[in-house]
Amino acid sequence: INSDNTELEPSVPPLRARLDQLGYLCERFGSRAITWRFDPICYFDTGQGSLNDNLDDFYTIAEKAAQFGIERCITSFMDHYPKIRRRLSSRPEFRFVDPPLSDKIRTIIALEKRLCTLNIHLTLCCEKDLIGALPPDSAVAPSSCVPSDLLMELYGGRISLKRDTGQRIKAGCGCKVSVDIGSYRDQPCYHNCLFCYANPSSGVCGKGGVASEE
């Protein structure tokens, strides 16, 4: 659940609706089974000469997540994949900006401090260099989006604790082995987020249609 920003995520439900969904999931499955993912953190310029980000609603979401009993938050900074640059080729006025490491450190420290007051632990997805540059007193750790140890703790049974070698291990991915049950191409997402690395569609056709990048 990211901040409301129709520039970046034009077709997602309003934030209030997504928070309602979060509450339903926590009530239905238990808050310990839910990890809130605010991802990615984006910096961008819309051609007005000022640097923007998508953190406007972060603390509002965090407070709501804490009320629901959520204990974990995963985040990362946007990766500037070639398909994202191609997606923006028809919008020369808009550009994503990769901030310097020092700015990323300040952002993560600020988020960690706020989440700590809400008893939410902050983790980072595939941000090995950033984690290594954080101050020694930071408790921010690498994330595991497929946490087999937690799954066994919640539901019992025995599943593999091996790292998923198909993921970005060198970048700090902590996911355990799993099996995908869907396809980006066969079950495409129509949210048309500008920063999306997964969906092979660019969304340039507008609402209700997508166009292939490949």
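Is Cys-42 buried or exposed? Cys-42 is buried, with a relative accessible area of 1%; here buried means under 20% relative accessible area, exposed means over 50%, and partly exposed lies in between (1.4 Å probe, protein chains only). The model is a predicted one, in which local features need pLDDT of at least 70 and side-chain atom pairs count only at pLDDT 80 or more, while totals for chains, interfaces and linings use all residues. Residues are numbered from 1 along each chain as its sequence is written, and side-chain values use heavy atoms, with hydrogens and water left out.

A disulfide is a covalent bond between the sulfur atoms of two cysteines. With the criterion of a pair of cysteine sulfur atoms within 2.5 Å, the structure holds 0 disulfides. Cys-42 takes part in none, and its nearest cysteine sulfur, that of Cys-193, is 9.1 Å away. Cys-175 is likewise in no disulfide, the nearest cysteine sulfur being that of Cys-173, 3.8 Å away. Cys-175 also counts as buried, at 9% relative accessibility.

Next comes helix 1. Helices (H or I, at least four residues) and strands (E, at least two) are DSSP runs, numbered from the N terminus. Helix 1 covers residues 15-29, and its 15 residues reach 21 Å from the first C-alpha to the last, close to the 21 Å expected at 1.5 Å a residue; the expected span is 1.5 Å times one less than the number of residues. Which residues of helix 1 are buried? They are Leu-15, Arg-18, Leu-19, Leu-22, Gly-23 and Cys-26. These residues cover an arc of only 145° around the axis, which puts them on the same side of helix 1; the arc is that of the directions from the helix axis to the C-beta atoms. The buried residues of helix 1 pack against helix 2 (58-67), where contact means heavy atoms within 4.5 Å. On the face turned away from the buried side, helix 1 carries the exposed residues Arg-16, Asp-20, Tyr-24, Glu-27 and Arg-28. After helix 1 comes Gly-30, whose phi is positive, near 95°.

The segment before helix 1 contains Asn-2. Asn-2 counts as buried because its relative accessibility is 4%. Its side chain joins that of Glu-9 in a polar contact of 3.2 Å, and it also reaches the backbone nitrogen of Asp-39 at 2.8 Å. A polar contact is a pair of N or O atoms within 3.5 Å; within protein, one must be able to donate a hydrogen and the other to accept it, and residues adjacent in sequence count only if both atoms are side-chain atoms. Leaving aside neighbours within four places in sequence, the residues in contact with Asn-2 include Leu-15, Arg-18, Phe-38, Ile-61 and Phe-195.

The strands can now be followed. Strands of a sheet pair through backbone hydrogen bonds, either parallel or antiparallel; two strands are taken to pair if DSSP finds at least two bridges between them. An open sheet of 4 strands has the order 1-4-6-7, with parallel pairing. Strand 1 and strand 7 (141-142) stand at the edges with a single partner strand each, so one side of each is left without a neighbour in the sheet. Strand 4 (residues 72-77) pairs with strand 1 (residues 36-41) over 4 bridges, and Ile-74 is the bridge partner of Arg-37. Strand 4 also pairs with strand 6 (residues 121-124) over 4 bridges; there, Thr-75 has Leu-124 as its bridge partner, and Arg-72 stands opposite His-121.

How many residues of strand 4 are buried? The count is 6 of the 6, so strand 4 is largely enclosed by the rest of the structure. Arg-72, Ile-74 and Ser-76 are buried on one side, and Cys-73, Thr-75 and Phe-77 on the other. In a regular strand the side chains alternate between the two faces of the sheet.

Another open sheet has 3 strands in the order 3-2-5, with antiparallel pairing. Its edge strands, strand 3 (52-53) and strand 5 (95-97), each pair on one side only. Strand 2 (residues 43-45) and strand 3 share 2 bridges, and Phe-44 has Asn-52 as its bridge partner in strand 3. Asp-45, found in strand 2, counts as buried at 12% relative accessibility. The side chain of Asp-45 reaches the backbone nitrogen of Gly-47 at 2.8 Å.
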